[in-house]
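Let's walk through a few spots in this one together. Keep the 3D view open while you read.

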Amino acid sequence: MEFSELIRTGQAQAELLRGPEMPPLRGTLCVTGHHLLLSPGPQATPDLWLLLLRSVDSIEKRVAGDAGTITLRCKDLRVLQLDIEGVEATLDIARSIEALSSLESVITSFPFFYRPKGLRLGEAWHFHPPERYYKRIARETWSSPLPVPQTRAWRLSEANEDFSLCPSYPRAVIVPRAVDDDALARSARFRQGGRFPVLSYYHAPRGTVLLRSSQPLTGRQKLRCAEDEELLRAVLAEARPGARGFIVDTRSAQAAKQARMTGGGTEAKAAYPGWKRLHRPLERGRPLQESFVRLMEACGDPEQSMDRWLSRLDGCRWLSHVKEALSTACLAAQGMEWEGACILVHGAEGTDSTLLVTSLAQLILDPLSRTMAGFQELIEREWIQAGHPFQLRCAHSAFSHTRPKHEAPIFLLFLDCVWQLGRQFPLSLEFGEGMLLALFDHSYASPFGTFLCNSEKERCLCEVRTRTHSLWSGLNQPKEQRKLRNPLYVPNPLAIWPSVEPQSLRLWQGLFLRWTHPPEPSEVAWEKVWQIATDQKTEGSQPTDSASEPQP
Amino acid sequence: MSLLRGLLGMELIGISVRLFLDFQEKPASLGTFFILIDKEVIYICPFNGPIKGRVYITNYRLYLRSLETDSALILDVPLGVISRIEKMGGATSRGENSYGLDITCKDMRNLRFALKQEGHSRRDMFEILTRYAFPLAHSLPIFAFLNEEKFDVDGWMVYNPVEEYRRQGLPNHHWRITFINKCYELCDTYPALLVVPYRASDDDLRRVAAFRSRNRIPVLSWIHPENKTVIMRCSQPLVGMSGKRNKDDEKYLDVIRETNRQINKLTIYDARPNVNAVANKATGGGYESDDAYHNAELFFLDIHNIHVMRESLKKVKDIVYPNVEESHWLSSLESTHWLEHIKLVLTGAIQVADRVSSGKSSVVVHCSDGWDRTAQLTSLAMLMLDSYYRSIEGFEILVQKEWISFGHKFASRIGHGDKNHADADRSPIFLQFVDCVWQMSKQFPTAFEFNERFLIIILDHLYSCRFGTFLYNCESAREKQKVTERTVSLWSLINSNKDKFKNPFYTKEINRVLYPVASMRHLELWVNYYIRWNPRIKQQQPNPVEQRYMELLALRDEYIKRLEELQLANSPKLSDPSTSPSSPSQMMPHVQTHF
């Protein structure tokens, strides 16, 4: 397929309106395979305006007289308006954008063509989190002050080398040493999508672990699987004699029971001695997507009808989802930290709310995951490699007219929860709001390959690692740091327990109201804070430089 | 009954020292405090259940320390905060902890103590609390007159009206300072010193006073340093049902307009809703009609009166204390309308500020009497327009000037030392103003020299009666009581330990006008004030945050010092603040492309 077949018209004269804060831009509009360009002509200062077509979420066209208007709603929640000369040109451009922005092929997407200056292909793809993370655990268990059985309780298994056990897991996973690869294979057959229980986080201070999986396939007949039971038994045995475990099921007890009708189910009490089940229902899928859509409708509504903003915000239930996600993560974290228990988290598929809970619990407990590098590793390990289907979940954000199929803003919900943590503990995260915004933007549409595909298996097939640039190498460039890092960061060795009361949670204005008239653009305030926090270190050289700048 | 029974009993000296101080504050002389009660009670904590504790009541505060090993609870309540004391349970009460005292406070909390029925212990506590929480009803002095605390700086020196007007460039050839109200004979609720148009004679002023409610004539609050438009404040004109007119008042407003030659309209903002302004005609008040005031345009700002605000805050308390309404938190919050009122006040102030800052016209602000909504509007507009008021001392001056000296009726609105808790004159107007300031500081995190703690300590001492700052309704009453000689100023406490109240991110920007966004989307409930008693909203580990802020403050000071040195060393023309590196525009090139 050639892009040119989809491009109906080369160019047109247009004016771009980008919201109340920014001046309109006039110039020549042009559609290319991956971008929408507006060239304002040689005399204008910003010489080119560029929009990745992939980031267009929905498009509306209107024509009147001999001109037309196209409204583009972007996945990063921006709304852009293009006033275009000529009816034909308007319709052609609209059709071209529509066709190009909804292409599903991965290997023709922009990341496969993006070759930025200063970055080399293959850079930063050297993160191999399971292996790296295993090394950390090995280190921690060796130096552990806890009794000997603890040490070397875990091993790195490559049983999934060819993705045959579980297509959504990475090649290597961390499992109890006592369980061999054959047993893993049988446990995998007993779990939906082959997602057998694997280690997600080792909590060194208490020697307890966080595991994740998918639901067991007990079905109507209440099937059992000896190897699966043995796996969870081994987890407890190796943690500590007499250790307890909690299974945090992210569905309601009733939903879990109902899942038996379709072949799923939950762990029978008798089959898993020492493990106790807790049900903490978390919304996912369509209800979550609808909540997001309603929230954006409320946020985008013009001022006049906003007398009932708070009850409307309440009605969207987005903040309730934030509250539920954080409370469940706290529950899992408390189980490990206070009860000294092992925790297994799963819902149905184990690729959505499960990851939300395990990754948030780690941020609460693990100071390393709150560093810039640790947070990137967490996302790589607990979201990307753990098989969160980004391609499906982030196909559209809040503005799509088509009925949602697999879309759900579960990763956005995670970022929002992290933002709430950052707001409550302003010094404890090494990264700032800018980092979270960047991750949101890139998870929905990006020139980088990091969030492409739904699993490691797919990424291997598409050769994502060798043919696209990693987002991490893009973000870790020195020029990006000021935007992404928290200037106030001081390492905090303690667990950070957030308050999850509704009055402690806020709407993430920096994201949901990012494009609608912020009082002081947060970057400006951010920049000032940076100056105060860091200019000291430059030994006063900076004041001299910038003070001399305005001279003619 | 000997009130001095427990006067610093030997065994109490250790604890007494701590009792009389706010922690970290300087030791005060102990002579003025005496312990009235020292006994064991059960404090019925709404969050953790009954806690056995030892309560000490002095003539300034009620202090309770938990006697239980697993609780470090400390209650520390200045008696001035108490608005109501009730006995709960009677001689026949049988239930556990059902006999005792219920105390309602002005600062969004209630206290409940259970006492033993025998030995008149409740009667003693009730009587002593009533006596010292409501000294006015017992012909006792308010505590501020007994307080002998000494501070390094004298907060009464912070505000000097002549100096403040001089800072604004007054008097000039259009505006003069008049002493016509030197002995409060023109208007007993105005300060002694007023700024009025040069062309209006003292006789003119007297004739205008006759036509303004409580003689509160239009006087200058603030003048724009460049375009010379002004903010004037006053009360409503006495139009009445018959639609009376007053040539002198009409002429006076025109004289104000004429101080800016190029402008042909004066803008009058009536803070009230239109219907309320009309209704006021029935009681002799009203508003400036188009017919009578040709060169003025009038706008209503729809801000409700003190009664509406009081009821709204009461609803806020209902949903946050003791338990937070959780299930539909945001909808419940909306139903209190508190944020909506905040929005209207801010919107009004933004309009005033915008008129003046754009040089479109001078502005006259009034409501009915010109001491509640008017004070809110003028002071908030001044805060938006003049960066000086965003410093710690500048803010103190703003409060001292627009609120205290211009007769916001603190005594009536707060009810210092008064037992009549249901008094219809009480209203949280000043709290609402401070809330608006907090909203602004949230939206502009680097624009204010002070932090949240500064605003909270002001509110705490609005009620505490430890300082003379907020006592009485007007300057004339304060002068009669010799408040500045006989009491300590709150600003003495604050200014002798300023670092505690500084915002480490403050970036001084002269001439920057702040326009907050007064949209419901950008306003939020001030949780750290209204829900501060609830332990569940507290984040753990506050200390590292505070410590880091202190470090940042130190860094900042050093940085500013070095910057100043460098600027001096470089070249004089570089000292223009717009070229300093704190200007964000140079640091933030606009990124156009989307990658």
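## Around A:S446

In this predicted model, the side chains of A:S446 and A:H442 are joined by a polar contact of 2.8 Å (a pair of N or O atoms within 3.5 Å; within protein, one must be able to donate a hydrogen and the other to accept it, and residues adjacent in sequence count only if both atoms are side-chain atoms). The A:S446 side chain also gets to the backbone nitrogen of A:F448, at 2.8 Å.

A:S446 sits in the loop between α13 (433-444) and α14 (456-461) of chain A; helices are DSSP runs of H or I, at least four residues, numbered from the N terminus. With a relative accessible area of 11%, A:S446 is buried (under 20%, using a 1.4 Å probe and protein chains only). Setting aside neighbours within four places in sequence, A:S446 touches A:L52 and A:P111, where contact means heavy atoms within 4.5 Å.

## A helix pair in chain B

Helix α13 (residues 429-443) and helix α14 (residues 452-464) of chain B pack at about 175 degrees, axes 10 Å apart; axes are lines fitted to C-alpha atoms over the stretch in contact, and angles run from 0 to 180 degrees between N-to-C directions. That makes α13(B) and α14(B) roughly antiparallel (over 145 degrees). Among the residues making the contact are B:F430 and B:W438 of α13(B), plus B:E452 and B:Y463 of α14(B).

## Ground rules

Residues are numbered from 1 along each chain as its sequence is written, and chains are lettered from A and ligands numbered from 1 in the order written. Local features need pLDDT of at least 70, side-chain atom pairs count only at pLDDT 80 or more, and totals for chains, interfaces and linings use all residues, while side-chain values use heavy atoms, with hydrogens and water left out.

Technical notes
Helix = DSSP H or I, 4+ residues; strand = E, 2+ residues; numbered from the N terminus. Buried < 20%, exposed > 50% of the residue type's maximum accessible area, 1.4 Å probe, protein only. Parallel < 35°, antiparallel > 145°, perpendicular 65-115°, else oblique.
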